[in-house]
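Here are some friendly notes to read alongside the model. Please keep the structure open as you go through the points.

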Amino acid sequence: MDNFFDMKCNRLTCRLSLTDKAVVTTCSHIFCVDCATELFNAARLCPACETALTEPDDVVICSLHLTNDYKTSVLSGLSPAMILEICSRAIGFWQYQSHQELSFQTAVARSLNDKNAQLQKQLDNVVREANNEIGLLSSKLSELERDLELERRKVRDTQEISRERDREFQKLKARLKLHSPSQQRTHIALDPGSTREDQTQSPPSSHRVDAPPTA
Ligand SMILES: [Zn+2]
Ligand SMILES: [Zn+2]
């Protein structure tokens, strides 16, 4: 896992966290060994700031993980002024890198904020469109429910009319039955002058009543 205080390879497409070995330049840039090998073989120009690095000590490979023995001996023999100067330059290098990293992270944060605002705007549009669509569908649904209720009322009215007509028909049928020849025959049968043939005669088909049409 990357440590926040670790320096990162200054090649933007790499940004490897540097913990063991690194290549540093006198223009205050630092790269991982793989990037440095590739980039400095092509040209002796700093890939980050394009400074010409022509002197032998302009590009130096260094260890970031020092043993205690090395820490004891690396500045030993130097005068305090030289030691302080070296420390001061090393601190300057660290400050520059920290500042660069801060700028990089600020740019990343700004870009993320812009992207977030854009997404938020798109989301708002989607929500607004969805709400409009829901509103339209709701009004269409209430319209359909109104139509359905009207149709149901029409069906109920039609059924009521049909029942009323059926009742009238049954009444008419009953009345017609009373006046049918078969009923009259009963009266005729009581009359001694009538013939046997008259009694068995079926009623004329024009007097027959058909069943009511089914609804
Ligand atoms: Zn790298
Ligand atoms: Zn540089």
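In what order do the elements of the protein chain run from the N terminus on?

1. **Overall layout.** Starting at the N terminus, the order is β-β-β-β-α-β-α-α-α-α. That gives 5 helices and 5 strands in the protein chain. Of its 215 residues, 8% count as buried. Among contacts with a separation of 6 or more, 38% are between residues 24 or more positions apart.

2. **Confidence.** Do bear in mind that this is a predicted model. The average pLDDT of the protein chain is 87, and 82% of the residues score at least 70. Among the elements, β4 has the highest mean pLDDT, 97, while helix α5 (residues 196-200) has the lowest, 47. The pLDDT is below 50 over residues 194-209, a stretch with 14 contacts in the model beyond near neighbours in sequence. I would read that part with care.

3. The UniProt record, an unreviewed entry, carries the annotation "domain: RING-type" for residues 14-50.

4. **The largest nonpolar core.** This core has 12 residues: Met-7, Cys-9, Leu-18, Ala-22, Val-23, Val-24, Ile-30, Phe-31, Cys-32, Cys-35, Ala-36 and Val-59. Two or more residues come from each of β3 (21-25), β4 (30-31) and α1 (33-42). Strand β3 provides the largest share, with 3 residues.

5. Ile-30 is one of the core residues.

6. **Two positive phi values.** Most residues other than glycine have a negative phi, so two places deserve a look. Ser-28, in the loop between β3 and β4, has a phi near 70°. Glu-50, in the loop between α1 and β5 (59-63), has a phi near 60°.

7. **Surroundings of these two residues.** Is Ser-28 buried or exposed? Ser-28 is buried, because 20 other C-beta atoms lie within 10 Å, and the cut-off for a buried residue is 20 or more. Glu-50, by contrast, counts as exposed because it has 10 C-beta neighbours inside 10 Å, where the limit is 12 or fewer.

Technical notes
Residues are numbered from 1 along each chain as its sequence is written. Chains are lettered from A and ligands numbered from 1 in the order in which they are written. This is a predicted model: local features need pLDDT of at least 70, side-chain atom pairs count only at pLDDT 80 or more; totals for chains, interfaces and linings use all residues. A nonpolar core is a set of buried Ala, Val, Leu, Ile, Met, Phe, Trp, Tyr and Cys residues joined through C-beta atoms within 7 Å. Helices (H or I, at least four residues) and strands (E, at least two) are DSSP runs, numbered from the N terminus. UniProt positions are given in the numbering used here, feature names are shortened, and annotations may be inferred rather than shown by experiment. Two residues are in contact if their C-beta atoms, placed from the backbone, lie within 7 Å. pLDDT is the predictor's confidence in each residue, from 0 to 100.
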